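Visitor: I'd like a quick walk through this one. Can you put it up, and we'll go spot by spot?

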Amino acid sequence: MNIQRLLAMAYKEALQVWRDPRSLAVALLMPLMQMGLLGYGVSLDIKHVPLCVYDQENSQASRSVVDSFTASSWFTISHTISSEAGIRRAMDRGECAAAIVIPVDFSRTLSATGSAPLQAIFDATDVNTTNIAMGYAQGVVAQANAALTARWAASHGAQPSLVGQVDLEPSVWFNETLESRDFIIPGVVAVILALVGAQLTSLTISREWERGTMEQLISTPVTPLEVMFGKLIPYFAIGLLDAAFCLAVAAFWFHVPFHGSVGILFVTTALFDLVVLGIGYLISVRIRNQLGASQVALLLTMLPTTLLSGYTFPIDQMPAAIQVLTYAVYSRYYVTILRAIFLKGSGLTDLWAPILGLVAYAAIIIWLAARAFRKQL
Amino acid sequence: MMAEVNEIAVRVHGLSKSFGSVQAVRDIDLAVAQGEIFGLVGPDGAGKTTIMRMLAAVLRPDAGEILVDGVDVVAEAERAKLHLSYMPQRFGLYEDLTIAENIFFYGALFGVPRGERIARSQELLEVAGLLPFRNRLAGQLSGGMKQKLGLICALIHTPRVLLLDEPTTGVDPVSRRDFWAILYNLRESGVTIVLSTAYMDEAERCSRLALLHGGEIRHCDTPQHLKAAMPGALLAIASAHPRDVREAVSGKPGVLGALLMGDRVHVRVDDAGRRIPELRAVVADRGIADAVITPAEPGIEDVFVALLGEEKPHELR
């Protein structure tokens, strides 16, 4: 490889990106937009589920149960009604997503037997929300239970400790505030990098074919490797810059806790950058028009990265065959690494496997890319 | 022996290329001496561009041999590229780069050292009259300026062989004259130029011509010899009604061909002395009173049409 030709290629490519408003927008505005959109827009947390309350008894005990729901930020009471039909009406209108019914003999049963049934009704048209809301409801009831059980024990002259009351105290590790945003945002960085990197490079060779500059270029002694590396240098720099920006926004703006090593973060980010650039370049060599190339690049980066990398949908919840498939998705490794570095502060000893996966992927892609371009019409 | 080898700058033997079922170039042999301006002439689709691309090592031939400056272009394409320069038919430079940036880029790709690049581009820009526009984007140049820029980029590494595919198509006459002035200068400094053209006046400026048709070289000689080899003699009939004249004379005894040339008709006949009075009578019979018949010097277009028969002459420009 001739360094003068390599640098000339890189400089020329950088000038072209700089002067192309579309490329510049993809390089600079897209990360900003995506970070805002995905950072604020995507959240798996459900707060303030509208709750309809039908308290048939209206006793001290029943009110204390209702209070437990009000006190949690998971539920907001939207209706207090006095008939079964009211629940149906509120749900049909979409005014509430859940309802609790406290039976008329609630406190009597409770004081007689030490436990009492409570009905909870959920609108399951949105299954995901329902699952989460049900979990929350169980948590709220468990808390209310504890308080009631203690009171019942006391009123029956038993020592609370003797009732054998079991308290479940959930302890959450690695994402202490249980914010799904902390879980998602590191993955957003991978999505943005994949999108920007492959989009920009997918245009680089196809643009030369489309504009008729390729014929002149291949008539010079420049080698395919010089073309490839020369073209990738500016995009590699843009990718790293975008990644640094996104990671900084994640840590300082969204306050995603960062526990890991900046060094490992840098190296793995550079590897991932290489992989997506290589993929974009390969597409660009194969597809000689810009529109087609950028569409294919979108398909091969956004889709697997959002769906199969574990960025939003947990991999261990997928069918076994799909789980195997995720090993072929390069972003899987990077998302795993990002999350581990951010939330767990994992080091090389824990991360060698996904890092090795990235290294192998980068090596294969660059090898393929280096062989793909032929200096022939 | 050595000297003789060096005298031939481009040697082509048995060159063929097909695209699917279309044979674009058939078994071509060529030898271009050093310092020649060699023209490939022919209508569109004759195979000019395909030949130029194979000479430039950007298109692999199906069969045949190409030697440029002694280097085997097929086997050692990359080494050959150091010796030659190619200007494609379609403008191949970066429109979003300035004149200076394009020149600098191509200079670097050809391995011209930085200092030399600056000095040489200065000199070439001056000759081409582009110096005041050096910081203008290539996309904002006129057709003629673009072609001159292409030529500068092709010359930045002082090639031994220059390949120009229809270099002056779409270029205004003044720029064409400038362009040719540069080519003549180059020839004097020993550069061999192979160019393709569909312009007949441009063909006349070449030292030798290959007349191409259907992917084959039909004739190859100097313009003078080609003209001399034209069978028959040429008459020019000037009239205000050239179309009527052509219709009247076509197919008459001794008339080998009639070609419309603006307000005149070029008529090729077997014997000028005998046919002039006959044609006068023919034209007069048709009621064309203003026709003036004189012997004429054949141009390359006449020669081309005469040598190739009447196959698709309308595609010549």
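Visitor: Where is B:Ala57 placed?
Guide: B:Ala57 sits in the loop between helix H2 (48-55) and strand S4 (63-68) of chain B. Helices (H or I, at least four residues) and strands (E, at least two) are DSSP runs, numbered from the N terminus.

Visitor: Before we go on, what should I know about the model and numbering?
Guide: This is a predicted model: local features need pLDDT of at least 70, side-chain atom pairs count only at pLDDT 80 or more, and totals for chains, interfaces and linings use all residues. Residues are numbered from 1 along each chain as its sequence is written, while chains are lettered from A and ligands numbered from 1 in the order in which they are written.

Visitor: Back to B:Ala57. What is its phi?
Guide: Positive, about 65°, although B:Ala57 is not a glycine.

Visitor: Is B:Ala57 buried or exposed?
Guide: B:Ala57 counts as buried, because it has 28 C-beta neighbours inside 10 Å. The cut-offs: buried is 20 or more other C-beta atoms within 10 Å of the residue's own, exposed is 12 or fewer, partly exposed is in between, with C-beta atoms placed from the backbone.

Visitor: And what about the phi of B:Thr158?
Guide: Phi of B:Thr158 is near 45°, again positive in a residue other than glycine. B:Thr158 is in the loop between helix H6 (143-155) and strand S7 (161-165) of chain B. With 13 other C-beta atoms within 10 Å, B:Thr158 is partly exposed.

Visitor: Zoom out. How many helices and strands in chain B?
Guide: Chain B has 12 helices and 14 strands. Its C-alpha trace spans about 75 × 45 × 40 Å along the principal axes. Of the 317 residues of chain B, 45% count as buried.

Visitor: Which residues of helix H10 of chain B are buried?
Guide: In H10(B), residues 242-249, the buried ones are B:Val245, B:Ala248 and B:Val249. They cover an arc of only 85° around the axis, so they lie on the same side of H10(B). That arc is taken from the directions from the helix axis to the C-beta atoms.

Visitor: What covers them?
Guide: The cover includes strands S11 (233-238), S12 (255-261) and S13 (264-269), plus helix H11 (272-285), of chain B. Just after H10(B), B:Gly251 takes a positive phi of about 80°.

Visitor: Now the chain contact. How many residues does each chain give?
Guide: Chain B gives 24 residues and chain A gives 20 residues. Contact here is C-beta atoms, placed from the backbone, within 7 Å. On the chain B side, H3 (77-83) and H4 (99-109) each supply at least two residues. The largest share, 5 residues, comes from H4(B).

Visitor: Over to chain A. At what angle do H10 and H14 of chain A pack?
Guide: H10 (residues 262-286) and H14 (residues 348-372) of chain A pack at about 25°, with axes 9 Å apart. Axes are lines fitted to C-alpha atoms, for helices over the stretch in contact, and angles run from 0 to 180 degrees between N-to-C directions. H10(A) and H14(A) are therefore roughly parallel to each other (under 35 degrees; over 145 is roughly antiparallel, 65 to 115 roughly perpendicular, the rest oblique).

Visitor: Which residues meet there?
Guide: Among them, A:Leu271, A:Phe272 and A:Tyr281 in H10(A), and A:Leu358, A:Tyr361 and A:Ile365 in H14(A).

Key. Contact = placed C-beta atoms within 7 Å.
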